[in-house]
Amino acid sequence: MTPLITIAVIAVVIFATITALLTRYKRCPSDKILVIYGRTGTDKDGSTSSARCIHGGGAFVWPVIQDYSFLDLKPISIEANLTNALSRQNIRIDVPCRFTVAISTESDSMNNAAERLLGLSMQEIQELAKDILFGQLRLVIATMTIEEINSDRDKFLTNITHNVEAELKKIGLKLINVNVTDLRDESGYIEALGKEAAAKAINEAKISVAEQEKVGEIGKAIADRDRDTRIAEAQRERDIQIAQTRKDKEVVIAATLRDEAIGKAEAEKDTRIKISEANSIAVQGENEAKITIANSEALRREREAEANRRAGAAEKVQQAKALEESYVAEQKAEAARADRERSSQLANTIVPAEVAKQRAIIEAQAEAERIRERAKGEADAIYAKMEAEAKGLYEILTKQAEGYKEVVKAAGGDPSKAFQLLLIEKLPELVKIQVEAVKNIKIDKVTVWDNAGGSADGSTTANFISGMMKSVPPLNDLFNMAGLNLPDYLKGKDESQKLPPHLPEQ
């Protein structure tokens, strides 16, 4: 029991020691300064340090030889209503002020605060700072005139800040803000300065108003004179411009009418010539396209018949092979049945005790053999069918590839032209689509009254038929919508190529 008690006591002592050491680690809040005093080491110059100040973070405080305390960083508002302060002009004034101070976080200032403010309450710190502020405020006022204090507040506040901060730093404080509310004096000097400045400003304003009124009257007279002069000049120029515009208008109208008559005559002549030439070229192109379509259709039908014939022959060959293999499977099944019969008759000659046994064995073996043979026959049939289908597909793809090769060869080795040749096979379907556009239009009867007058573009009847045919999408436009290009020998020449060179005037 003694060793256990000893171990327990040692564990308790170690635990208590660790706990005590952990409790001696002190963390410093952001609004306070941790001051560790006691045996804190030496300063940079080798002298003994009175305290160690930490703002933010934490530190370990050794028991017995060190202790700690906190300095509050919260701002302190001090009202310093200074009265009867003597200025440089020997005039006494009242200067009500409010100062905002706080303990500084600079290294030197924190040490000064730890030495002079540690242990003091906020009220005691406020009274100590107030005495310093009153003294420095009187010193600043004694070095400035009332005019400087009243008119140049920035300079006044700068002087206060400069003097006060130097003194507050000695006890570890920092000046945050200075607010001077108002200035008063017993003799009324400041009030007199205000009245003088107000009277001066009023007089300057009256002089400025009178000066501006004079300038305004002079400017108005000059503006009236300039306005009358410019109105007269503008009216004279307007009359001249109106007369000139009327003359130019009549000249331009006459020239325009003349040019219009000449242009109409020339345009009608050129239009008639170009329409006749375009119609003849269009008819020629249509005839060539029909011949090409007919030749392509005949070639397509011939090749399609040849491909169908080869596919049918290949299919019949494969069917014959499948039947042959089926017959072989049935022959094997018959042989298996014959063996079973022989085995059955052989069993009849064996002793009755062995008959049942041998019959069961033979029947089981025969049944298994029959199942195997049937399965084998079915598998062979499936394999033969799939092999036939594969060979047929191979023949189709081979012939199709050979056909494409011949098409490319016929097109002179140019794949784009071969593609156009293959595309010609689809022309009947495309033409069918064009026809479908007007196929379902229900027209029982069309009556056209033609007075044989017409116009330069043809008779009324011709224009009606031409307009109805133009409602069907042109073949070239249909190819363009599909993202394809119609061969040049099917779509004819462009309008720019159809038009002949300019003919001389007749």
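Helices and strands here are DSSP runs, numbered from the N terminus. With that in hand, welcome to a short tour of this predicted model. The protein chain has 506 residues, of which 19% count as buried, and its secondary structure comes to 13 helices and nine strands. Among contacts between residues at least 6 apart in sequence, 70% join residues at least 24 apart.

**A residue in strand β7**

- Aspartate 94 is found in strand β7.
- Its relative accessible area is 16%, so aspartate 94 is buried, the cut-off for that class being under 20%.

**Helices α3 and α5**

- Two packed helices are described by the angle between their axes and the distance between the axes.
- For helix α3 (residues 122–142) and helix α5 (residues 153–169), the angle is about 140° and the axes are 9 Å apart.
- That angle makes α3 oblique to α5, because only values over 145 degrees count as roughly antiparallel.
- The crossing of α3 past α5 is right-handed.
- On the α3 side, the contact is made by Ala129, Ile132, Leu133, Gln136, Leu137, Leu139, Val140 and Ile141.
- On the α5 side, the partners are Phe156, Asn159, Ile160, Asn163, Val164, Glu167 and Leu168.
- Sorted by class, this contact of α3 with α5 has 11 nonpolar residues, three polar ones and one charged one.

**Another residue of α3**

- Glutamine 126 also lies in helix α3.
- Leaving aside neighbours within four places in sequence, glutamine 126 is in contact with Ile76, Ser77 and Ile78.
- The C-alpha atom of glutamine 126 is 9.7 Å from that of glutamate 79, although 47 residues separate the two along the chain.

**The buried side of helix α2**

- Helix α2 (residues 107–116) has Ser109, Met110, Ala113 and Ala114 as its buried residues.
- These four cover an arc of only 140° around the axis, which puts them on the same side of α2.
- An α-helix has 3.6 residues a turn, so residues three or four places apart point the same way.
- The cover over the buried residues of α2 includes strands β2 (32–38), β3 (51–54), β5 (66–72) and β7 (92–103), as well as helix α5.

**A closer look at alanine 113**

- Alanine 113 lies in helix α2 and counts as buried, at 0% relative accessibility.
- Setting aside neighbours within four places in sequence, alanine 113 is in contact with Leu71, Ile103, Leu118, Ile171 and Gly172.
- Lysine 169 is 56 residues from alanine 113 along the chain, yet their C-alpha atoms are separated by 8.7 Å.

- Glutamine 89 has its place in the loop between β6 (76–86) and β7.
- With a relative accessible area of 30%, glutamine 89 is partly exposed.
- Glutamine 89 and threonine 143 are 54 residues apart in sequence, while their C-alpha atoms are 9.3 Å apart in space.

Key
Residues are numbered from 1 along each chain as its sequence is written. This is a predicted model: local features need pLDDT of at least 70, side-chain atom pairs count only at pLDDT 80 or more; totals for chains, interfaces and linings use all residues. Side-chain values use heavy atoms; hydrogens and water are left out. Axes are lines fitted to C-alpha atoms, for helices over the stretch in contact, and angles run from 0 to 180 degrees between N-to-C directions. Helices (H or I, at least four residues) and strands (E, at least two) are DSSP runs, numbered from the N terminus. Angles under 35 degrees count as roughly parallel, over 145 as roughly antiparallel, 65 to 115 as roughly perpendicular and the rest as oblique. A crossing is left-handed if the near helix is turned anticlockwise from the far one by less than a right angle, and right-handed if clockwise. Contact means heavy atoms within 4.5 Å. Ala, Val, Leu, Ile, Met, Phe, Trp, Tyr, Cys and Pro count as nonpolar, Asp, Glu, Lys and Arg as charged, and the others, Gly among them, as polar. Buried means under 20% relative accessible area, exposed over 50%, partly exposed in between (1.4 Å probe, protein chains only). The arc is that of the directions from the helix axis to the C-beta atoms.
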